[in-house]
Amino acid sequence: MAEAVKHAEPSASERPVVVSAVGLTKVFRDFWNRPKAKAVNDIDFEVREGEVVGLLGPNGSGKSTTVKMLLGLLYPTGGRLTVFGKSPRDVENKKLIGYLPEETYLYKYLTAFETLDFFASLFGLSKEERTRRCDQLLDMVGLAHARNRPVGEFSKGMARRIGLAQAMINDPAFLILDEPTSGLDPLGCREVKDLIKLLKKRGKTVIVTSHLLSDVEEVCDRIIVLYGGRIRANGGMEELLTIRTNDTITVPRLPEDAIERIRRIVRESIPDGEMSVAHPHMSLEDFFVEIVNEAKKESLETSGSRSGGAIAEYLTGDREHDAKAVLDMLTRDEETPAQVLARKMESDAAKAAEEAAKKKQDELFASLQASAPVPEEEKSRLEQQELEAKMSEANRKLQDLLKNPSDRKD
Amino acid sequence: MTAFFAIVKLTIRSAVRSHVFRLLLFLLLLGIFLLPFTLLGDGTPKGDVQIFLQYCLGFAEFTLCLSSVWLACSEISSDVETAQIHMIVVKPVRRAVVLLGKYAGVVLIHLALLLIAAVTVYCFLSFRLASSDFSEEDRMLLEEQVLTARVVYPPERPDFNALAQQELDRRIALAREHGQDMLQYEDNQSRQQKFLEIRKELIATAGLISEDETLFWEFKGLPKNLTDDDVIFMRYTIYANRYYVQDQNTIRGHWIFAVNYVRPDDNGAETVVTDLMALPEDDFITATRSEIPVPIRPSYFIYDGEARVGFLNKDVRSDLNFEEGKGPFLMVREAGFFSNYCRTVLVMAIGILSITLLASAVAACMSLPIAIFFSAAYLIVGTLAHYLVTSIPDSLDFQSDFTGTFGYRFGDLLLNLVVPIQDFFVTGYLANGELVSFPFIGILFAKDFLLRMLPVFLLGAWIYTRRELALVSKRG
């Protein structure tokens, strides 16, 4: 029984609160202390342990102000804000926090290693421990080859990577990533997203702010949409983005006659509804990553950062067995953690989809055999438009949220 | 401490990359290596060495002070303006530690440079002394008057208040006796005004010597343990009333020294008999600081820590004047030149520590240009306040001279608040062979560093720890 309790996964609402904001307000004042702008206006939110929360909003919506208040760089004008139950200004608390700023403010004359070593020193780590972590992180973010290069010579993407590495130097329980994919190439973006997923698997709490909605959509469990300093939407990704009026069935490629038979069956259920059949697209990012991976197999070199290496060993988490499994896989096939995770997820999803499709196909054929033949109908005229509409449905919904925030007001 | 040392190291690395710092470093090296070859001095070995010491070390100190203000301001302010500080303060390190680390970094690099400058100047001096073909007399003069560390003893100052009161009483009595108009002594205010006038007059004429008259000065608190091998020096500046105060001319006179003999009296007991010994009549150059050795053994010259010196005016053309504060002074050797040199460098180090403290405090709460302006303004105000207080004569009439009084009081108030930078420039003492004593250094450290600069730094640190650092941002 005790064992069972030990391994029981607490639900999101049962997990400890990492960030709590109640009536949080920030008013910027001018030299004469007259209110100039209300950047954050009476907002309430909570972030619980293990959550990956996306903080979204257009420029000037209060995202950065909120993040800076979480870090103790700005002080709230009103309301109450706690991180791990303490004030954001609490120095000891900062041992648990990792921060990647929107622009990585690095000391240009320090090399990549020295940069990480400096930030590790601020955590009071020993020389040996610092060296170990710095080497592992450099390997992880794909900058091991640029270990001794001054960061002033780095491209923006490389600077982002070193920024990301410094944010994880202390193995933080809570990470704040401000535009983590900004300036990165698609490969880097994918790696960062995979890393965030991995961190989530390890029980880390992450707040991500980004303008790239697809990034947020991919990695976050929950989003908070800010506009004009107020929260316009706050909820789980499934809850906010699922289009409950439509269904999508994904199956392996079917012969033309099978599609026609399916059409007839579907038409029986929704005689007047619009229906489309199309081949699913892979995302441009997936396509790009595939091309680059193929190029790598052909040993083509790039002068910038390379794919990330193994996840740093010291990055511990609550789910040790997951971490160990990933590390085992990493050492076995010498792939990056991001690739391993992505491949694992893809193969799991593909297997499930294959099984579901097979089952569905069997059922469909069974029902087709039972039913009378239906005269041939004309092919769908709007197949292409509908397909495109469905593909971008989720993003459109998010865009609508930003454009017409009042529509989403509770 | 790991975090503290990391910040110190980072500050030093950042400092050496600053263009302004490099320029100042270049100037410093240029000054140290070129000044010795460009300074001409007054043509005498003594004058040359004095000017070399004063200018080379003074230039090094001035450059290092400038550099420390610049670096402290830029290291602290720029980090805030370029938001690099965000990366540091979100880590578990107290802001006070960040500020202290930056202060320590700036101080360390400047102390290292000060050490290099001091060693270089000392080596240059040693080389110059070793390679120069000075006469034995010049060499002796150098060793006795420059390459030494002597305590300066001023003469006892007359109680001008008591003397003025006596003179006032005398005049009142005289006026009564002669039945003169007593209106000017009637009320307190008139009497006070008269008193101040008399006091002013007494101070102005205290060092005045008419023809064939002698003025004596008493010295107290002289060391009692001097041996007969020790040489006491006397420094003085004579002014002739008939010339403009700065004009150099020749006048004639004698120096007179009191000599103490122990002789048995009629009862056989030993008593001290004081005699006077006059040096031969000689020519003296006016408005020039001069130094002569006292031609009497210390055991005869000093009795119970006291000594007496006089001057007889034999110049038929003019009264002579020994201005208040310009001697004669007796000078007794206390330590060697190297010791004095090290003490001078220590004072320079305290100066750097203090000025960096000020600049760090200011930079902790202001932007870079404002911090530099404020630091410079602070130091200039200190200098002006010092000038204001010292330039107003002691004979100032506080009742009638409103502007003088205001200037004095204002300067005095400022001096209690700010530190005049010249407090740390003691190379003049070194060049004159005057001892930079440890009590002097201690008082300087306590008064300027602990009592004035440290509170300013603590205030700056307090503001720094409470600032909303993300309010400032100027992408660098």
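Reader: Leaving aside neighbours within four places in sequence, which residues is Leu99(B) in contact with?

Author: With that exclusion, Leu99(B) is in contact with Ile76(B), Ser360(B), Ala364(B), Ala461(B) and Tyr464(B). "In contact" here means that the C-beta atoms of two residues, placed from the backbone, lie within 7 Å. Keep in mind that this is a predicted model: local features need pLDDT of at least 70 and side-chain atom pairs count only at pLDDT 80 or more, while totals for chains, interfaces and linings use all residues. As for labels, residues are numbered from 1 along each chain as its sequence is written, with chains lettered from A and ligands numbered from 1 in the order in which they are written.

Reader: Okay, and is Leu99(B) buried or exposed?

Author: The idea is to count neighbours: 20 or more other C-beta atoms within 10 Å of a residue's own make it buried, 12 or fewer exposed, and anything in between partly exposed. Leu99(B) has 21 within 10 Å, so it is buried. You'll find Leu99(B) in helix H5 (residues 95-131) of chain B; helices are DSSP runs of H or I with at least four residues, strands are E runs of at least two, and both are numbered from the N terminus. Ile7(B) is 92 residues away from Leu99(B) in sequence, yet their C-alpha atoms are 9.0 Å apart.

Reader: How do I read a nonpolar core?

Author: In soluble globular proteins, nonpolar side chains tend to be buried together. A core here is a set of buried Ala, Val, Leu, Ile, Met, Phe, Trp, Tyr and Cys residues joined through C-beta atoms within 7 Å. The largest one has 164 residues, and Leu116(A), Ile162(A), Ala165(A), Val208(A) and Cys73(B) have the most contacts inside it. Helix H3 (residues 45-81) of chain B gives the largest share of this core, 16 residues. Apart from it there's another core of 26 residues, including Trp255(B) and Phe301(B).

Reader: And where do the two chains touch?

Author: 22 residues of chain B are in contact with 21 residues of chain A. On chain B's side, helix H1 (2-17) and helix H4 (84-89) of chain B are the elements giving two or more residues, with H1(B) contributing the largest share, 7 residues.

Reader: How many bridges join E6(B) to E7(B)?

Author: Strands pair if DSSP finds at least two bridges between them. E6 (residues 250-264) and E7, both of chain B, run antiparallel with 9 bridges, and Tyr261(B) stands opposite Val273(B) in E7(B). E7(B) (residues 270-278) lies largely in the open because 0 of its 9 residues are buried.
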